[in-house]
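Please look over the fold below before reading on.

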Amino acid sequence: MYSSKPNAHHDDVPRLGVLVTNLGTPDAPTAPALRRYLAEFLGDPRVVEINRPLWWLLLHGVILRTRPKKSAAAYAEVWEEGGSPLLTIGKEQTEGIATRLAERLDGPVSVELAMRYGNPSIRDGLRKLREAGAERILVMPLYPQYSATTVGSTYDAVFDELKKWRVIPELRLIGQYHDDPQYIESLANTIREHWEAHGKAEKMLFSFHGMPRRYLLNGDFYHCQCQKTARLVAERLGMDDGEWQVTFQSLFGREVWLQPYTDETVKSLAESGMKKLDVICPGFSADCLETLEEIEGENAEIFEENGGGELRYIRALNARPDHLDMLTNLAIDHLQGWPEASPEVLRNRRDPKATRERAKAMGCDY
Ligand SMILES: C=CC1=C(C)c2cc3[nH]c(cc4nc(cc5[nH]c(cc1n2)c(C)c5CCC(=O)O)C(CCC(=O)O)=C4C)c(C)c3C=C
Ligand SMILES: [Fe+2]
Ligand SMILES: [Fe+2]
């Protein structure tokens, strides 16, 4: 049996829904919470694309017995009063986008935050939008660069839920915004502000989350979009070629990942006698474990311990007003061209009570 909106009415006032998504995070910085989160994350065939039975044995037999404890300790270092930074920042971003959309759109709009893994789930986010009356839904993953492991997997989760619904909403999906001029400008703004406050370092690393190189060779163009984002920002700031470099972080497992690796680059720059290094992570729309613990924590230590001086991590765009304005414009761009509501629907929007009564009189109130 397919699921439906509870208390659906024939003449409900249609609403626009926006599902803002990100990767997701554990519910607590503890080993049991990490085990649940990692089982869902690493069990996703888009993330680890190898022979399923073999991976299941390795994941459940080895990785989920050892990694949760180690990861929980790392999460504990960045955990805040409100919870995981990815989630608290995600809530702020969602609120900011919702406020801006309500100001700028004529019709009613509901915005929900959902995470690909963990909570709040994509299933719950979509159901909340349905309950609010959303008949058209824009899915907006906050990943500037497309990758099958992130954006592709988010779409899987959306389709898996929607295929259980009786009335499937009209759907739009945002795939990437890696070269959006306002996104590039927001990154340039944050770098300019950093330089004004702290001066320029000898080099800027643009560090992106990595993935197995095999995924690139099999057609995932994430790598190319990362390169382009970095080049556009460097051009916007008038940086010379030697002043910046793209690297890839967060290596997992034994396979070769996208190179050069951030930690190895940081180490060799320190060994070369560099005293000031800036690092920005433009692929992360919100700060999280991978930026705060890995870059601002671990990599800063690597730099210092190998003879370098100071590694200065430049925070993600998070809930900066220019970022939220950019994301709102992006949503509005992707909402273009949906046919206007009929005059009757527009009338109903103004007077939903009368609409209900009319529907009831027609026997459409079920
Ligand atoms: C196992 C392979 C992984 C691939 C491929 C991968 C791709 C990928 N991930 C992000 C963004 C984030 N990843 C985060 C954490 C994280 N990533 C992996 C593994 C892969 N990621 C693991 C195992 C973890 C969990 C932490 C750990 O145990 O090390 C996060 C942070 C989440 C948080 O709660 O803070 C983000 C964000 C991208 C963009 C990407 C490919 C493009
Ligand atoms: Fe990751
Ligand atoms: Fe490439």
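Helices and strands here are DSSP runs, numbered from the N terminus; a helix needs at least four residues and a strand at least two. The model is predicted.

## Domains

The protein chain is divided into domain 1 (15–178 + 322–338) and domain 2 (181–314). Their centres, taken over C-alpha atoms, are separated by 24 Å. In the contact between them, 25 residues of domain 1 meet 22 residues of domain 2.

On the side of domain 1 that touches domain 2, H2, helix H3 (85–104), H5 and helix H11 (321–334) each give two or more residues. H3 gives the most, with 5 residues. By class, this side of domain 1 has 12 nonpolar, 10 polar and 3 charged residues.

## Ligand 1

Around ligand 1 there are 23 residues. Thr-25, Ser-71, His-209, Cys-288 and Leu-289 come nearest. The shell divides into 12 nonpolar, 9 polar and 2 charged residues.

Which domains supply the shell around ligand 1? Domain 1 and domain 2 each give at least three residues. By element, strand E1 (15–25), helix H2 (52–78), helix H5 (148–162) and helix H10 (289–305) each supply at least two.

## Nonpolar core

The largest nonpolar core has 82 residues. Val-18, Leu-19, Val-20, Met-140, Leu-277 and Val-279 have the most contacts inside it. This core draws at least three residues from each of domain 1 and domain 2. In soluble globular proteins, nonpolar side chains tend to be buried together.

Val-20 shows what such contacts look like. Leaving out residues up to four places away in sequence, Val-20 touches Gln-93, Thr-94, Ile-97, Val-111, Leu-113, Met-140 and Leu-142.

## Thr-21

Thr-21 sits in strand E1. Is Thr-21 buried or exposed? Thr-21 counts as buried because it has 27 C-beta neighbours inside 10 Å, and the cut-off for buried is 20 or more.

Not counting residues up to four places away in sequence, Thr-21 touches Ala-114, Met-115, Arg-116, Ile-122, Val-139, Met-140, Pro-141, Leu-142 and Thr-154. Thr-21 and Thr-94 are 73 residues apart in sequence. Their C-alpha atoms are 9.1 Å apart in space.

## Helix H4

Helix H4 covers residues 122–131. Its buried residues are Ile-122, Gly-125, Leu-126, Leu-129 and Arg-130. They lie on the same side of H4, because they cover an arc of only 140 degrees around the axis. An α-helix has 3.6 residues a turn, so residues three or four places apart point the same way.

What covers the buried residues of H4? The cover includes E1, strand E2 (109–118), strand E3 (134–141) and H5. Just after H4, Gly-133 takes a positive phi of about 100 degrees.

## Cis peptide bonds

A cis peptide bond joins Asn-119 and Pro-120, with omega about -5 degrees. Pro-120 lies in the loop between E2 and H4.

The peptide bond from Gln-259 to Pro-260 is also cis. Its omega is near 0 degrees. Pro-260 is in the loop between strand E6 (244–249) and helix H9 (262–271).

## Loop residues

Ser-250 is in the loop between E6 and H9. Ser-250 is not a glycine, yet has a positive phi of about 60 degrees. With 19 C-beta neighbours inside 10 Å, Ser-250 counts as partly exposed.

Asn-318 is placed in the loop between strand E8 (310–314) and H11. Phi of Asn-318 is near 40 degrees, a positive value in a residue other than glycine. Asn-318 is partly exposed because 19 other C-beta atoms lie within 10 Å, and buried would need 20 or more.

Gly-43 belongs to the loop between helix H1 (31–42) and H2. Why does Gly-43 count as partly exposed? The reason is its 16 C-beta neighbours inside 10 Å. Gly-43 and Leu-59 are 16 residues apart along the chain. Their C-alpha atoms are separated by 7.8 Å.

Notes:
Residues numbered from 1 in each chain as written. Chains lettered and ligands numbered in written order. Predicted model: local features only at pLDDT ≥ 70, side-chain atom pairs only at ≥ 80, totals over all residues. Near = placed C-beta within 6 Å. Nonpolar A, V, L, I, M, F, W, Y, C, P; charged D, E, K, R; others polar. Domains from an automatic or database assignment. Buried ≥ 20, exposed ≤ 12 C-beta atoms within 10 Å, placed from the backbone. Arc of directions from axis to C-beta. Contact = placed C-beta atoms within 7 Å. Core = buried A, V, L, I, M, F, W, Y, C linked by C-beta atoms within 7 Å.
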